[in-house]
Amino acid sequence: MDRKTAKKKPGRHTGVLPAASVKAARSRFRVISGASGLTREKRSSLESLQRRSGRRRLLLFSAILGTVAVLAAVFVFLMQYFHVENIYVEGNLHYTSDEIIQMVTGGRFGDNSLYLSLKYRDRGIQGIPFIQTMDVKVLSPDTIRIVVYEKSVAGYVEYLDRYMYFDRDGIVVEASEAKTEGIPEITGIDFDQVVLYEALPVENQNIFREILSITQILSKYGLSADKIYFDDAGDMTLYFGEVRARLGSEENIEEKVSRLQQLLPSAEGKKGVFRLENYSGSGENVSFELDE
C-alpha cells in the first residue's frame with residue numbers, strides 16, 4: 001500500500017491528539033512542557049513553599065504533642081498531690097468506718113480529694129439505709145473527713161420476715177432483711193400492719209416515748225439490750241442474751257438501770273431473771289432467779 005494513500009482505521013489510537021483537542025486545551029490551561037518550562041526562580045519558589053508547608057506541619061504536630069505531654073503531666077501531678085491518705089469518719093453507728101469509706105471513695109478517682117470535693121460540693125450522700133446524709137469535707141490535699149448523720153432509730157419490730165426499724169416517734173424509717181447490732185427488738189406491742197415512713201399503728205402511742213427513754217438510759221450506762229418486752233400493763237422486761245431484767249414501770253427507771261449495770265457481770269454464763277420491779281435506789285429488793 002502506498003504511504004501517501006494509507007488511511008488510519010477508525011477508533012485506533014495513534015498517540016497524537018486531534019488538532020481541535022489541542023486547541024481546546026490551550027484555551028483552558030497554560031501548558032508547560034516538562035520541568036524545562038519552569039524558570040530557576042520559580043523552581044526555587046516552589047521548593048521554598050514546600051519546605052515552609054513541611055515546617056508548619058512539623059510545628060503543628062510538635063504543638064499537639066507538647067500539649068498532650070503537658071496535660072498528662074498535670075494529670076499525674078493532680079493524682080499524686082491530691083491522693084487521699086487520711087480519712088476521718090464521725091457519727092457512724094450502723095456501719096463500720098471501713099464500710100463508710102468504701103461508700104464514699106468507691107469508684108474511679110474515689111481516692112482523689114480534689115475529685116471528691118467537686119463531687120460532693122453543696123450536697124451529701126443520700127439513699128443509704130439508716131443514714132440521713134453524709135457530708136464529705138476536704139481538710140487538706142491528702143486528708144478528708146466524712147461526717148455521718150444517721151436516722152434516729154429507737155427500735156425495730158419483725159413483720160413479714162423483715163426488720164422494720166422505727167424512730168423516736170414510731171415512724172418506720174427502714175425495712176431491712178438484716179438485723180443491726182445495738183438496736184433492740186420491741187415485743188409485746190400489737191399492730192396489724194406496717195407501712196414504711198408511717199407511724200406504727202399501736203393503741204398506746206406513749207410507748208414510743210418510753211422506748212426512747214429506756215434506750216437513752218441504757219446508752220448512758222453503756223448497756224445494750226437485745227430485746228425490750230412490754231406486757232399488757234405496760235411493764236417492761238429487758239433481755240441480755242440468756243439474762244432478763246424485769247424493770248416494771250417507769251418509776252425509778254434510771255436507778256434500776258444503774259443497779260442492773262452493777263449486777264449483770266455476776267450473771268455471766270447463767271440463765272435467769274433479775275427482779276428490779278420494786279427497786280427504789282437502795283441495795284435492797286433485788287434478786288436473781290435462775291431458770292429451771
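**Figure 1. Right-handed crossing of helices α5 and α6 in a predicted model.** Helix α5 (residues 207-220) and helix α6 (residues 253-263) cross in the right-handed sense, meaning that the near helix is turned clockwise from the far one by less than a right angle. Helices are DSSP runs of H or I with at least four residues, strands are runs of E with at least two, and both are numbered from the N terminus. The two axes come within 10 Å and cross at roughly 40°; axes are lines fitted to C-alpha atoms, for helices over the stretch in contact, and angles run from 0 to 180 degrees between N-to-C directions. α5 and α6 are therefore oblique to each other (under 35 degrees counts as roughly parallel, over 145 as roughly antiparallel, 65 to 115 as roughly perpendicular and the rest as oblique).

**Figure 2. Residues at the contact of α5 with α6.** From α5, Ile214, Ile217, Leu218 and Lys220 meet Ile253, Glu254 and Val257 of α6, contact being heavy atoms within 4.5 Å. Five of these residues are nonpolar, two are charged and none is polar (Ala, Val, Leu, Ile, Met, Phe, Trp, Tyr, Cys and Pro count as nonpolar, Asp, Glu, Lys and Arg as charged, and the others, Gly among them, as polar).

**Figure 3. Strand β10 and its partners β9 and β11.** Strand β9 (residues 236-240) pairs with β10 in the antiparallel sense over five bridges; two strands pair if DSSP finds at least two bridges between them. Phe240 stands opposite Val243 in β10. The two strands form a hairpin with two residues between them, and Gly241 in the turn has a positive phi of about 65°. β10 also runs parallel to strand β11 (residues 272-275), joined by four bridges, with Ala245 opposite Phe274 in β11. Five of the six residues of β10 (residues 243-248) are buried, so this strand is largely enclosed by the rest of the structure; buried means under 20% relative accessible area, exposed over 50% and partly exposed in between, with a 1.4 Å probe and protein chains only.

**Figure 4. The open sheet β1-β3-β2.** This three-stranded sheet has mixed pairing. Its edge strands, β1 (86-90) and β2 (131-140), each pair on one side only. The twist averages 15° from one strand to the next. β1 pairs with strand β3 (residues 143-150) in the parallel sense over five bridges, and Val89 stands opposite Ile146 in β3.

**Notes.** Residues are numbered from 1 along each chain as its sequence is written, and side-chain values use heavy atoms, with hydrogens and water left out. In this predicted model, local features need pLDDT of at least 70 and side-chain atom pairs count only at pLDDT 80 or more, whereas totals for chains, interfaces and linings use all residues.
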